[in-house]
Amino acid sequence: MVSLGEYDVGIIGGGIAGIYAGYELSKLNPSLKVILIEQGENIHRRSCPIVAHKTKECISCASCAIMRGFGGAGAYSDGKYNFTTEFGGWLRDYLPEEEIMELIHYVDSVNVGFGATEVVYSTQSAEATALEKRALENDLHLLQAKVKHLGTENNLNILKNIYEYLKDKITLVFNTAVTEIKTASDGYLLETSGGQVRCRYLVAAPGRSGAEWFSAQCNKLGLDIINNQVDIGVRVELPAKVFQHITDVVYESKLVYRTKQYGDMVRTFCMNPYGHVVTENVDGLMTVNGHSYSNPALRSENTNFALLVSNRFTVPFKEPYKYGKHIASLSNMLGGGVLVQRFGDLVKGARTNEHRLSQSFVKPTLNATPGDLSLVLPKRHMDNIIEMIYALDKIAPGTANYDTLLYGVEVKFYSSRPQLTPSLETNLPNFYAIGDGAGITRGLAQAAASGVIAARSIAGKVKGV
Ligand SMILES: Cc1cc2nc3c(=O)[nH]c(=O)nc-3n(C[C@H](O)[C@H](O)[C@H](O)COP(=O)(O)OP(=O)(O)OC[C@H]3O[C@@H](n4cnc5c(N)ncnc54)[C@H](O)[C@@H]3O)c2cc1C
């Protein structure tokens with residue numbers, strides 16, 4: 001068997017969590033031999049055919065360049081960096097709030113060093129307070145958080161700068177998948193598609209794309225895991241002017257609503273003013289997402305955001321991932337990918353077809369298949385989403401217009417979570433699990449912070465602290 005060598009620390013996954021683990025280790029202890037193994041391409045070679053050649057169909061590349069490669073799933077995001085512990089992860093389950101906020105600010109300062117903007121949108125202004133009040137009057141709850149919008153193009157440049165910095169400090173290996181994690185007398189043995197790697201410390205940061213694989217590895221290694229939730233919904237697209245009075249103030253509004261009919265929570269997620277709706281390939285299934293550029297020349301006239309309903313299962317079913325995938329597969333079966341429907345058609349019980357879509361005042365930014373989302377989403381989800389749209393219409397009149405577009409489905413998978421210490425170490429010594437793949441984060445800020453936590457713990461152990 002080919003050997004890729006022996007290292008002090010092995011990092012699985014080159015998303016923001018793995019990157020920050022590598023960055024912090026190289027800074028705290030430059031003499032440590034660290035290897036980061038990534039299944040996808042390096043940042044300069046990542047390219048999705050849909051984006052590069054503006055093709056409609058996903059050709060299901062062996063490794064999806066949107067989800068995999070240096071920068072992970074966040075590389076083509078527009079980098080909305082949230083300064084909060086209220087959403088974007090569950091690090092509060094492990095560390096005190098102040099410590100997490102310090103880490104989030106620390107990561108931001110590193111990002112700024114690599115070219116991130118210093119402009120922050122705050123919810124602490126008088127206008128934001130007025131918005132919060134107006135929302136409350138309509139039973140909508142605006143979550144408070146400062147947010148930075150790095151912008152799709154800048155986010156990528158920052159990652160390129162980090163890559164250039166890191167490439168001489170730690171070993172970066174691309175197009176190499178870790179296939180198996182084994183315990184060894186002196187640490188861990190990783191079987192990879194490029195050969196074996198031995199390491200004393202192991203940091204697993206496989207992201208959502210590696211979550212199923214990682215959960216199988218945890219089972220095999222005897223690590224207990226807890227199942228998380230799955231969030232299912234649609235992406236809404238409407239004229240930017242409808243939400244302008246909100247997005248100009250808080251940029252991204254996180255609004256939560258409890259529906260009257262079922263008592264379910266529905267929330268807005270990932271709001272993209274003047275943005276674009278995009279497809280996302282999750283293990284061959286096409287789901288929907290969105291982003292926006294910070295360069296005004298690249299902006300669209302629409303704003304998009306997700307409306308998500310959370311599902312947690314108790315007994316006997318415990319595979320939320322499969323449930324989400326099953327629903328996404330229905331839209332793929334009916335539309336060959338993502339479906340789009342006008343809100344008015346949905347309420348009327350009519351399918352949106354090419355003709356009806358061509359008459360829409362809202363011009364879609366994604367070339368999706370016109371169809372009928374009520375044939376895809378369970379009735380309960382559909383009712384919840386419709387009720388939420390009418391609630392939003394009260395604070396952003398025009399949301400419930402006939403031509404508001406709904407794309408489906410948007411699914412947010414959360415990985416199963418192994419038991420972890422406050423340093424994010426599993427029950428196996430010197431084996432850490434971080435980021436979205438460990439089920440403890442679901443956003444850039446907390447994912448990066450989790451990498452710093454693991455790195456500091458390892459550096460401390462090496463130093464004998
Ligand atoms: C389109 C889109 C837009 C988003 N926008 C935002 C946003 O604006 N703000 C925000 O906070 N969050 C956003 N997110 C979420 C954010 O990107 C994630 O929370 C973040 O990327 C998680 O980082 P991670 O390092 O844990 O995992 P990932 O970024 O998923 O990285 C994991 C990496 O591990 C690699 N990997 C997996 N398994 C293996 C294996 N066995 N061997 C080798 N390598 C492996 C994968 O190839 C991948 O590159 C967005 C996500 C998407 C998809």
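Reader: Within what distance do the axes of α3 and α12 come, and at what angle do they cross?

Author: Two packed helices are described by the angle between their axes and the distance between the axes. Here the axes of α3 and α12 come within 9 Å and cross at roughly 100°, where axes are lines fitted to C-alpha atoms, for helices over the stretch in contact, and angles run from 0 to 180 degrees between N-to-C directions. Helices (H or I, at least four residues) and strands (E, at least two) are DSSP runs, numbered from the N terminus. α3 and α12 are therefore roughly perpendicular to each other; angles under 35 degrees count as roughly parallel, over 145 as roughly antiparallel, 65 to 115 as roughly perpendicular and the rest as oblique.

This is a predicted model, in which local features need pLDDT of at least 70 and side-chain atom pairs count only at pLDDT 80 or more, while totals for chains, interfaces and linings use all residues. Residues are numbered from 1 along each chain as its sequence is written, and side-chain values use heavy atoms, with hydrogens and water left out.

Reader: Which residues make the contact between α3 and α12?

Author: From α3 come L103, I104, Y106 and V107, and from α12 come A445, Q446, A448, A449, V452, I453 and R456, contact meaning heavy atoms within 4.5 Å. These residues divide into nine nonpolar, one polar and one charged; Ala, Val, Leu, Ile, Met, Phe, Trp, Tyr, Cys and Pro count as nonpolar, Asp, Glu, Lys and Arg as charged, and the others, Gly among them, as polar.

Reader: How do α1 and α3 lie to each other, and which residues meet?

Author: The axes of α1 and α3 (residues 97-113) come within 13 Å and cross at roughly 85°, and α1 and α3 are therefore roughly perpendicular to each other. Y20, Y23, E24 and K27 of α1 meet Y106, V107, V110 and N111 of α3, a set that divides into five nonpolar, one polar and two charged residues.

Reader: Which helices supply at least two residues each to the shell around the ligand?

Author: They are α1 (16-28) and α12 (444-463). Of the 37 residues around the ligand, E38, A73, K80, D436 and L444 come nearest, a residue being near if one of its heavy atoms lies within 4 Å. The shell divides into 13 nonpolar, 16 polar and eight charged residues.

Reader: Which polar atoms of A73, V178 and R68 lie by the ligand?

Author: A polar backbone atom of A73 is 2.8 Å from an oxygen atom of the ligand, and a polar side-chain atom of R68 lies 3.4 Å from a ligand oxygen atom. A polar backbone atom of V178 is 2.9 Å from a nitrogen atom of the ligand. Taken alone the ligand exposes 1,000 Å², and the protein buries 95% of that; accessible areas come from the Shrake-Rupley method with a 1.4 Å probe.

Definitions and conventions: Polar contact = N/O pair within 3.5 Å; in protein donor to acceptor, adjacent residues only side chain to side chain.
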